Amino acid sequence: MQVMLYADKVVLRNLASTDWADFLSLHCDPVVQQYIRPVESEASIKTTFIQRTLPWSFESGEWLSLVIERVDNQEFVGLIGFRCDDLSLKRAEVGYLIATSQQGKGFATESLRAVIDWGALQYDMHKFLGICASDNIASQRVLKKVGFVLEGTLRQHSCINGTWFDDCYLGLLTSQRL
């Protein structure tokens with residue numbers, strides 16, 4: 001499925017083979033990955049990249065990865081997307097990775113709003129989930145700006161580079177999106 005979404009400051013488009021260098025850089029950045037997973041090998045990242053450039057369907061449960069580009073200069077900002085968490089319950093999990101140099105500029109919030117609006121209409125979604133480490137205050141802030149509500153915390157649920165993190169589960173009912 002070809003996707004092209006426009007917002008004020010960003011354009012969201014399908015991940016393409018020409019995005020490899022940016023994808024690799026984002027996945028190798030320890031600051032970006034600090035609350036997600038240990039930095040993986042280049043071979044592992046390449047496998048993920050290839051899978052994410054294949055044709056996508058909502059029912060697959062795989063991640064739809066969209067590139068976030070700035071409107072003003074077409075600069076790579078990061079990635080955003082979602083995956084079907086439960087087809088019968090019309091529920092999807094959202095996720096995003098923003099390049100360190102582009103953080104704090106509102107790109108994640110704007111992109112998340114666009115993806116949720118599109119996903120809600122395209123797939124008649126009932127609910128979106130956002131999962132992040134409790135220490136990832138910036139990600140929680142983005143989710144809450146878009147209308148997500150903290151629904152629960154799983155204690156010491158993720159271990160990244162030997163450090164245990166609580167995971168926050170935030171939810172957004174599409175009927176209540178901002």
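Before I call a handedness, I need the convention: a crossing is right-handed if the near helix is turned clockwise from the far one by less than a right angle, and left-handed if anticlockwise. I also keep in mind that this is a predicted model.

**Helix pair**

I looked up α4 (residues 107–123) against α5 (residues 137–146), and their axes come within 9 Å and cross at roughly 50°. The two helices are therefore oblique to each other. By the convention above, α4 passes α5 in a right-handed crossing.

Next I asked which residues make the contact. From α4 I get Ala 108, Thr 109, Leu 112, Arg 113 and Ile 116. From α5 I get Val 142, Leu 143, Lys 145 and Val 146. I sorted the residues of this contact by type and got six nonpolar, one polar and two charged.

**Cysteines**

How many disulfides are there under a 2.5 Å sulfur–sulfur cut-off? I count zero.

I checked Cys 132, which is in no disulfide: its nearest cysteine sulfur belongs to Cys 168 and sits 5.4 Å away. Is Cys 132 buried or exposed? I find Cys 132 buried, at a relative accessible area of 6%.

Then I turned to Cys 159, also in no disulfide, where the nearest cysteine sulfur is again that of Cys 168, at 17 Å. Cys 159 is partly exposed, with a relative accessible area of 39%.

Terms used:
Residues numbered from 1 in each chain as written. Predicted model: local features only at pLDDT ≥ 70, side-chain atom pairs only at ≥ 80, totals over all residues. Heavy atoms only, no water. Disulfide = S-S within 2.5 Å. Buried < 20%, exposed > 50% of the residue type's maximum accessible area, 1.4 Å probe, protein only. Axes fitted to C-alpha atoms, helices over the stretch in contact; angles between N-to-C directions. Helix = DSSP H or I, 4+ residues; strand = E, 2+ residues; numbered from the N terminus. Parallel < 35°, antiparallel > 145°, perpendicular 65-115°, else oblique. Contact = heavy atoms within 4.5 Å. Nonpolar A, V, L, I, M, F, W, Y, C, P; charged D, E, K, R; others polar.
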